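Hi everyone, thanks for having me. Could you bring the structure up on the screen, please? I'll talk you through a few spots.

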Amino acid sequence: MRFLVLPLINLLLLVRHLLGLPFRLLGARSRPAYIRFRLTGDPPYREQPRPRSLPFLGGQGRPEPATVTSLEGFRKALELLAGDAQVKGILVELEDLAVPPAKRDVLVKLLGDFRAAGKRVVAWAVGTDNLGYQVMCAADEALLSPAGRLDLLGYAAEAVAVGEGLEKLGVRAHFFRRGEYKTAPELFTLPHVSSIQRQVLESFLDERYVELVDQLARGRKRTPEQARAWIDEGPYTARRALAAGLIDGVCDEADLPARLAGKGAEAKDAAEAKGKEAKDEEDEGLEPMPGYLAMLPWPPVRWRPLRPRPRLGVVPLSGMIVSGKGGSGVAGPELAGSDTVVKALRAAGRSRRVKAVLLYVSSSGGSAVASEIILEAVQRVAKKKPVIAFVDRVAASGGYMAALGAREIWATPHAIVGSIGVFVGKFDTSGLLEKLGVHRTLITRGENAGLYSSTRGFTEHERALMDAEVEETYQAFLGHVAKARGRTKEEIHALGEGRVFSGTRALAAGLVDRTEGFEEACRRAMELAKVPGRFELQVYGGEGRRFSLLKLLLGGSHAATYAFCPTAWNLEGFGRGERFE
């Protein structure tokens, strides 16, 4: 049936293409010199698949034409523009960009490659922060709106300790942990942030700050000393940023076409003198990508292949790991349910068309039992076909454990990796209830029947049991890591006890195999599957449904928990106050 339907669809595509040729030829000579792109939010690596329709039917619910809807789509657009001698360059408008460092690096590289092809890149924003400005530094020219603002401030981190506050409320936190770097329970047990917590935060801040200084210095062609001075003087109004040399000009959005044409104030005055007609003509030199494609005599056509392309299955593991189905509420955190993830892994493993699997990990951990269930499912799939685990944000504790089942673990340089450790505990709310006039009586049969009760703390016998459980779980965790990484438990213990690493430091420590990006990880997975050439992505997740790629990119426990730092690290400038919990 496929060999009958697809030739018909391709024929319809060809007919539509030929029917539009005369109109495209008429507009070919007036193709714009600059193409406009809008970077906003957190675009996915690959575009979310839409339901296919017949070639002559339009889509619906599409974003603004200039908006970049995926990094891969942006790359293809720039490659096409780089080969057109009539195109001089692109205008990149930044608005509330909120990508992780990994995607920022992709954007910077794409703009650098476009400039290397002899094209010009102009970046413009009303206002931007550290993240957006690093992207703007990859352009030939950086512009701000006259009313704009540059929040170049460096990075700040906040760690919270509420132990003293809980005591005043009459709530006591009772936790057991394995490893002094397993700082998650400190949020509830300590009155102040510990020196270890501070040390860990400072190590990540140092890495981010050094990179920010380096990108500013290289992008603006200044010394690192000047870059540090700029950061210390922020934030900036647009006028101050121009005077300091941080940007190349101040320009209203309406005046961008004239500036790109190199006409400056003269073109603006002429447009005002001639009226709207002159202004409309001026605006014709700046179009979004769809407008440019409409003027190409032979634009790219997405022909339907007669033979289905091989697929790479992508299974997301995003959020706190829990038993069951997981999901996310309106206000609560995203939950990665073990049942849902295992079901997705099994579906990807069974599919004959899926030749390899990429496990996309964005989790700071959670339930120890659920994490091990997911690990076993990953290992089962890895026996059938290659599995690559990819991390661009965080794979800590249970999230890292799940990644151990893959043949290789890939992390981006600033991803957070590790936190090999365990904690367990509960809250004693008896003091709070007494203050409120609420009286509860615990009646038990069995020495440990009240183990999980919130009306009292742990007895000495229960404390011994909890200590033993935490130690046993930690040793099992060490064993999983040692087996997967080809090391001894003693070597992993030296890297464990809750220690966290950036992707770069994790590579040096032997906890990951490569520090590269999403596309490189995808190609590596298919390379291991011995699949040459082009392939498609199919994302598995939810209740047996395909999971949107857009979702990728962007009380006390009474059971052992692999979790990383719910002390609400808020590193301002990591995206927009991105929290790792």
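So, the largest nonpolar core here has 70 residues, and the ones touching the most other members are Phe37, Leu81, Ile90, Leu152, Leu312 and Leu358. Keep in mind that this is a predicted model. Which helix gives the most to this core? That's H22, residues 518-528, with six residues. If you're new to this, nonpolar side chains tend to be buried together in soluble globular proteins.

Let's zoom in on Leu312. Skipping neighbours within four places in sequence, its contacts include Val354, Leu358, Cys522, Met526 and Phe535. Apart from this core there's another one, of 54 residues, with Ile374, Leu375, Ala395 and Ala411 among them.

Okay, on to a pair of helices. Two packed helices are described by the angle between their axes and the distance between the axes. For H15, residues 338-350, and H16, residues 368-384, the axes come within 9 Å and cross at roughly 0°. Angles under 35 degrees count as roughly parallel, so H15 is roughly parallel to H16. Who makes the contact? On the H15 side you'll find Val341, Val342 and Leu345, among others, and the H16 side includes Ile373, Ile374 and Ala377. By class, that contact has nine nonpolar, two polar and three charged residues.

Last stop: Ala82, which sits in helix H3, residues 71-82. Ala82 is partly exposed, because its relative accessibility is 27%. Beyond four places in sequence, Ala82 contacts Phe114, Ala117 and Lys119.

Conventions: Residues numbered from 1 in each chain as written. Predicted model: local features only at pLDDT ≥ 70, side-chain atom pairs only at ≥ 80, totals over all residues. Heavy atoms only, no water. Axes fitted to C-alpha atoms, helices over the stretch in contact; angles between N-to-C directions. Helix = DSSP H or I, 4+ residues; strand = E, 2+ residues; numbered from the N terminus. Parallel < 35°, antiparallel > 145°, perpendicular 65-115°, else oblique. Contact = heavy atoms within 4.5 Å. Nonpolar A, V, L, I, M, F, W, Y, C, P; charged D, E, K, R; others polar. Core = buried A, V, L, I, M, F, W, Y, C linked by side-chain atoms within 4.5 Å. Buried < 20%, exposed > 50% of the residue type's maximum accessible area, 1.4 Å probe, protein only.
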